[in-house]
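Please read the following walk through the model with the sequence and coordinates open beside it.

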Amino acid sequence: MDDVKTPSSEERKSALSGLGTSRKRVEDARFTQGKGNYVDDIKLKGMLFGDFVRSPVAHAKIKKIDTSAALALPGVHAVLTAADLEPLGLHWMPTLAGDKQMVLADGKVLFQGQEVAFVVGDDRYAVADGVALVEVEYDELSVVTDPFKAEMENAPILREDIADQKEGAHGPRRHPNHIFTWESGDKEGTNKVLDEAEVVADEMVYYHRTHPCPLETCGCVASMDKVNGKLTVWGTFQAPHAVRTVASLISSIPEHNIRIISPDIGGGFGNKVGVYPGYVCAIVASIVTGVPIKWVEDRMDNLMATAFARDYWMHGKISATKDGKITGLWCHTTADHGAFDACADPTKFPAGFMNICTGSYDIPVAYLAVDGVYTNKAPGGVAYRCSFRVTEASYFIERMIEVLALKLGMDSAELRSKNFIKKEQFPYTSALGWEYDSGDYHKAWDKALEAVNYKKLREDQAKQLELFKSGKSRKLMGIGLSHFTEIVGAGPVKNCDILGLGMFDACEIRIHPTGSAIARLGTISQGQGHATTFAQILASEIGIPASDITLEEGDTDTAPYGLGTYGSRSTPVAGAATAMAGRKIRAKAQMIAAYLLEVHDDDLEWDVDRFVVKGAPEKFKTMKEIAFASYNQAIPGVEPGLEAVSYYDPPNMTYPNGAYICVMEIDVDTGVSEIKKVYALDDCGTRINPMIIEGQVHGGLTEALAISMGQEIAYDEQGNVMTGTLMDFFVPTAWETPNYETDFTETPSPHHPIGAKGVGESPNVGGVSAFSNAVHDAFKPFGLTQAHMPHDHWRVWKIAKDLGLHN
Amino acid sequence: MIPSAFSFYKPDNLQKAINLIADFGDEGRVIAGGHSLIPVMKQRLTDIKHLIDLSAINELKGIKIKGSSISIGAMTTQVELITNAELFKVAPVIREASLQIADPQVRNLGTIGGNVANGDPANDMPGLMQLLDATYTINGKNGVREIKAREFYEGAYFTAREDDEILVSISFNSPIGGYAYEKQKRKIGDYATAAAGVILSVDNGVCSSASIALTNLSDTPIYCSDAVSMLIGKQIDDSLLSEVTKSCVEQSDPVADQRGPVEFKKYVAGIVVNKALNRAFDRS
Amino acid sequence: MEKINVSMKVNGKNENLSVEPRTLLVHALREHLEYTGAHIGCSSSHCGACTVDMNGKSVKSCTIFAPQAEGADILTVEGIGTPDKLHVIQEMFKEHHGLQCGYCTPGMIMRSYRFLQENPNPTEEEVRFGISGNLCRCTGYQNIVKSIMAAADKLREESNIEKKEIA
């Protein structure tokens, strides 16, 4: 036996596939074989289908709904209208933002695509025929799609239900179409600085309306079992526990009799955070019919009605000294929330974390005001691959920096560098009140500039400009710079809740007798690979190989309560809970090991996967041995078994950051742009799985590319959605998507148990600014200061035209 | 996105198909690849009671080349147009244009007949057929007739084909000279913001024959006859090409949509025409 | 509703269905035959999540009526490998992180499966053009392209070995 060498710590560490390894994903076996279990794959005995009659117009009184022809159709079982839901008190439902929303049109419709009636039938085909036969008479009203016009004196009143309410969920309302005013920072101080400043740049920055558009649309299967009184709902829920609580509150079904299951989810990106009328109608229909009901929206429904994102008009003023030291920032945002305020933000933050808009810069004084406004557009306002309103904030400051640099006649890379929060200033409290936990912005910035050879890029750009000016080329080169600071991991219960539910998260671990384990979390993966990465966190904490740990999420009957996955909160919050639960396991394991080794607890030290007696390395107990002992030894003062649960309330948010650079070539005649280079440096703190991080960055950059270069939800003046299919709603194919270069620095979060900050949303936050700034930069020599996104062909062409670049 | 109900027929010869369509009148519709028709049916923008699938009719298939004369069956798919080596030899512009249509899966089922007969101004093949001066053979209960592609299109979705007629084949002569099909679009799978095809033959710098056509720049495809007259017999130089381009743009009459306003589309029309002219000239 | 008999071969097995003529092939596969690998992402033939192989060609099963597929030979993602022996493309998607949420994956794999037979030795650009009928919202395509290029290499190696063995 002597020749069997005990593996070294390093060898044993590597066998765990813990933190820092590019572990292959455990999810992929089922997905590559077509064995994923998405909501539309669920088939239950006796299941019926439901779908909506939707409003073809954006604003109208409903004079009459005639369901008789639909009901007469064989295969149609029921048609629900607001009148049917009213006795149950379910014709309206609360939104996540303190407003209420019609489940089915109650006397009027407020946006195109609004749910008017719910038809239930044998299958999709019968239901579609039924939908076509429901006759609705509309009496059309004037439409307002422009948030600035919505607050005019003669504007049509949208929400007659609350027209007279002077007080909303977030303070006073000054107009029937006004929702709230939210302020942050020092108004007087900022105004004073601006008044006295040497240089002030003043600009309106619009971040247009778009949509998360996950490849799988939203849907659910609701099954009310009348025998045992239990409601089970499978659905595309990014926050299954919150859905359970909301469902209980609005349906009066006791919460223990509701089971919410999020099966595999085909991408979320914020689209699947909200509670939609489809869920409520499917539940009611199941209660009414006594059989399971499936509702799955189609792509047009999805783009028209569930969860838009952005639509922020951000008016900014930024002041600086002549030599480029920023002295103050002012922002007034007009936020177009559509017909109902259904934004998915923590309660105290009706404009999300828009007050992270001081970005990566040390700005002494700032002021932000946001006005929320109703228009005849779909409700939503979700965080599309970002933390709450953080891409808006980041885009705003990164545009303002560029505009200021223009005004100063300064290179914007230098302006950024001059104003970054310095490493030694962390933890840093921003003028708008956030405590940035950590970062080394200068290091990242310098690394990025060097990696792309910034000086050489500017020389190439100058050469290209010469070619253009001399008539030898019709192309311009743009260099888009972006530095961003995300604020993710919502969040501390003291200031973050949704509908009163504190935004902690949880992990529960059970170690089996043979030394393998199961962990359950309050989050739910939608492609992020939680089953892979959370097992890695745990492997490093408890010394059990990641491959021996099963991860489960999404079933509210088994998983501990958590607030779900969005806003890059899984790693910062549930990841922390996982580490903390692991540490509880280890603490108990230490007691068991001490008993087994007949030493005092304090005489043991942890070594990768075992407790070793200090100074006697041959005396140890592995986690596997300890696990077995926990089930078969009667240890005085220690309960049998090895389980732990941690509910983690994060002490602070985390602040992932990064430096992105994009090089673009733009044809001024066609408006076509070609991406020549994208460099993305991310600092997400401790890196759990580099392969997955890289994949997240690629994906987020591609969504950023789409948003900045063409993706929008556009309305005409009558409130018709002009981008209702994937022909007009831009989702790039592999052909339009470039290759990306990724890089990193690693500044661990000081308050997170493993130092991780989250990464999934950073590339969207940083990417949009990089792409948009590249477009602006190309036209900078001709005097362009601001052009609104999306920078699709015709809008880019229009920039060139307005600058006189066409013959 | 579920169509209304219909009955389905799959005749195995042309005469049966003609009889069916004659019986059903405007309640019947033929389906080729279905990639224009099915999306419209799914949105219930059209009410079809009887659907006649042409895919089992051998008479509608195949590419026949005899010397310079080319005949293509209506049910020939875009992928067949792309991969047919003989066709590429005699009419390479067809491959160039077809590769710019839709995406690989759609090209596997999308047919030349469906694309030209539908009358959708956004489709590329009708413009290409203007360019090639193709002739459509159409068959119905009143017999066979031929219509020039340049006389076929009357308005968006309105063509010279009667409801009870079936487009059987497309014929044209092998084009002589350089060629190009230039299309600007927002992404793969999109229709043209503006597209232009050019065929040009040149002797000693003088244009001996030419053809120019535009796609999605009006409610029908456009054959640019004025521009062609300007070219023929003239020494080709940059200034002539820009005059010709101008003439083409004048003939265009696009509508605003999400691709951009009219002014932009007309400008891009000039760009794609000019590019196509230059590339065809380089290849001549 | 009038029904019609449709027979087709799916993953090597003869299937007979009685369906309404308007039944879409993707619904016939998913709901009547319970092959739920092909997904519905857009229902308008833009996203390719429903891609299957029909008579040796990649097609979008959301834009085909079931009776149009009468007599067809259909292959879905469930038919190209087994849990014990995955197809090389499935292996390479796992190896190179060519998927995240997995919703586009069956369509993407089926398109790759056919594409690599059309072009066994593609350039990266050809791969990108070859899969341009399939949308992915998660990966940014970079690792999908990498997976397909790696699968192409492996498949060529395998076919060279087979050729040598035959020789």
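**Domains, interfaces and local detail**

Chain B is assigned domain 1 (7-52), domain 2 (59-173) and domain 3 (178-283), where the domain bounds come from an automatic or database domain assignment. This is a predicted model, in which local features need pLDDT of at least 70 and side-chain atom pairs count only at pLDDT 80 or more, whereas totals for chains, interfaces and linings use all residues. Residues are numbered from 1 along each chain as its sequence is written, and chains are lettered from A and ligands numbered from 1 in the order in which they are written.

The centres of domain 1 of chain B and domain 2 of chain B, taken over C-alpha atoms, are separated by 19 Å. Between these two domains of chain B, 14 residues of domain 1 are in contact with 20 residues of domain 2, two residues being in contact if their C-beta atoms, placed from the backbone, lie within 7 Å. On the side of domain 1 of chain B that touches domain 2 of chain B, the largest share, five residues, is given by helix 1 (residues 14-24) of chain B; helices (H or I, at least four residues) and strands (E, at least two) are DSSP runs, numbered from the N terminus. By class, that side of domain 1 of chain B holds seven nonpolar, six polar and one charged residues, with Ala, Val, Leu, Ile, Met, Phe, Trp, Tyr, Cys and Pro counted as nonpolar, Asp, Glu, Lys and Arg as charged, and the others, Gly among them, as polar.

Chain A is divided into domain 1 (9-36 + 505-648), domain 2 (39-141 + 217-265 + 273-305) and domain 3 (308-490 + 653-802). The C-alpha centres of domain 2 of chain A and domain 3 of chain A are 37 Å apart, and their contact involves 19 residues from domain 2 of chain A and 26 residues from domain 3 of chain A. Helix 10 (residues 299-305) of chain A supplies the largest share, five residues, of the side of domain 2 of chain A that touches domain 3 of chain A, and by class this side of domain 2 has 10 nonpolar, seven polar and two charged residues.

Taken as a whole, chain A has a secondary structure of 20 helices and 35 strands, and its C-alpha atoms fill a box of roughly 85 × 75 × 50 Å along the principal axes. The radius of gyration of chain A is 28 Å, which agrees with the value near 28 Å for a compact globule with 807 residues; this radius is taken over C-alpha atoms, and the globule rule is 2.2 Å times the number of residues to the power 0.38. Of the 807 residues of chain A, 61% count as buried, a residue being buried if 20 or more other C-beta atoms lie within 10 Å of its own, exposed if 12 or fewer, and partly exposed in between, with C-beta atoms placed from the backbone. Among the contacts in chain A between residues at least 6 apart in sequence, 79% join residues at least 24 apart.

The contact of chain B with chain A takes 18 residues from chain B and 24 residues from chain A, and helix 12 (residues 262-283) of chain B gives the most to the chain B side, with four residues. The contact of chain C with chain A takes 46 residues from chain C and 41 residues from chain A, and the residues on the chain C side divide into 21 nonpolar, 18 polar and seven charged.

Within chain A, helix 12 (residues 412-419) has A:Ser412, A:Ala413, A:Leu415, A:Arg416 and A:Asn419 buried. These residues are on the same side of helix 12 of chain A because they cover an arc of only 165° around the axis, the arc being that of the directions from the helix axis to the C-beta atoms. The buried residues of helix 12 of chain A pack against elements including helix 14 (454-469) and strand 23 (475-485) of chain A. In the loop between helix 14 and strand 23 of chain A is A:Ser473, which counts as partly exposed because it has 17 C-beta neighbours inside 10 Å.
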